Amino acid sequence: MIWFWELSWLWKMLGVALPVSAVCVAAAALIGKAAKIRPGKKVFLLVGILAFVISILVIFFLAQTPALL
């Protein structure tokens, strides 16, 4: 059971990154709808993957910075 607690940072990171990527895909769909174009599946896939990777990197780098307080 200890291994579960040792990996709690991973579950937290995934819990933040997955909704962020879902919001970015929804935003891409809304932007496409506002521009009156219909983006393809490849565009949504690319946006989702990029948002996921960027959010993981941001979380990782923020976790490495020392607290200022």
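Predicted model: local features only at pLDDT ≥ 70, side-chain atom pairs only at ≥ 80, totals over all residues.
1. Residues are numbered from 1 along each chain as its sequence is written, and side-chain values use heavy atoms, with hydrogens and water left out.

2. The protein chain has three helices and zero strands, and its pattern along the sequence reads α-α-α. Helices (H or I, at least four residues) and strands (E, at least two) are DSSP runs, numbered from the N terminus. Helix 2 covers 8-34, and helix 3 covers residues 41-64.

3. Of the 69 residues of the protein chain, 13% count as buried. Buried means under 20% relative accessible area, exposed means over 50%, and partly exposed lies in between (1.4 Å probe, protein chains only). The chain exposes about 5,900 Å², of which carbon and sulfur atoms supply 80%. Accessible areas come from the Shrake-Rupley method with a 1.4 Å probe; for residues, only the protein chains shown count as cover.

4. Which residues does Ala 51 touch, not counting residues up to four places away in sequence? They are Val 20, Ser 21 and Cys 24, where contact means heavy atoms within 4.5 Å. Ala 51 is in helix 3 and counts as buried because its relative accessibility is 10%. The C-alpha atoms of Ala 51 and Cys 24 are 6.6 Å apart in space, although the two residues are 27 apart in sequence.

5. Cys 24 belongs to helix 2. With a relative accessible area of 29%, Cys 24 is partly exposed. Leaving out residues up to four places away in sequence, Cys 24 touches Val 47 and Ala 51. From Cys 24 to Ile 49 the separation is 25 residues in sequence and 9.9 Å in space, C-alpha to C-alpha.

6. Ser 55 is another residue of helix 3. Is Ser 55 buried or exposed? Its relative accessibility is 9%, so Ser 55 counts as buried. Neighbours within four places in sequence aside, Ser 55 is in contact with Ala 17 and Val 20.

7. Leu 45, Ile 49, Val 53, Leu 57, Phe 60 and Phe 61 make a nonpolar surface patch of about 580 Å². Patches are made of residues with over 30% relative accessible area and no salt bridge; like charges are joined within 9 Å, and nonpolar side chains (Val, Leu, Ile, Met, Phe, Trp, Tyr) within 5 Å. A salt bridge is a side-chain nitrogen of Lys or Arg within 4 Å of a carboxyl oxygen of Asp or Glu. Ile 49, one of the patch residues, lies in helix 3 and is partly exposed at 47% relative accessibility.

8. Rings of Phe, Tyr and Trp (its six-membered ring) pair if their centres lie within 6.5 Å; planes under 30 degrees apart count as stacked, over 60 as edge-to-face and the rest as tilted. The count by this rule is one aromatic pair. Phe 60 and Phe 61 form the pair, edge-to-face, at 5.7 Å centre to centre and 65 degrees between the planes. Phe 60 is partly exposed at 42% relative accessibility, and Phe 61 is exposed at 52%.

9. Lys 36 sits in the loop between helix 2 and helix 3. Its phi is near 60 degrees, a positive value in a residue other than glycine. Lys 36 counts as exposed because its relative accessible area is 75%.
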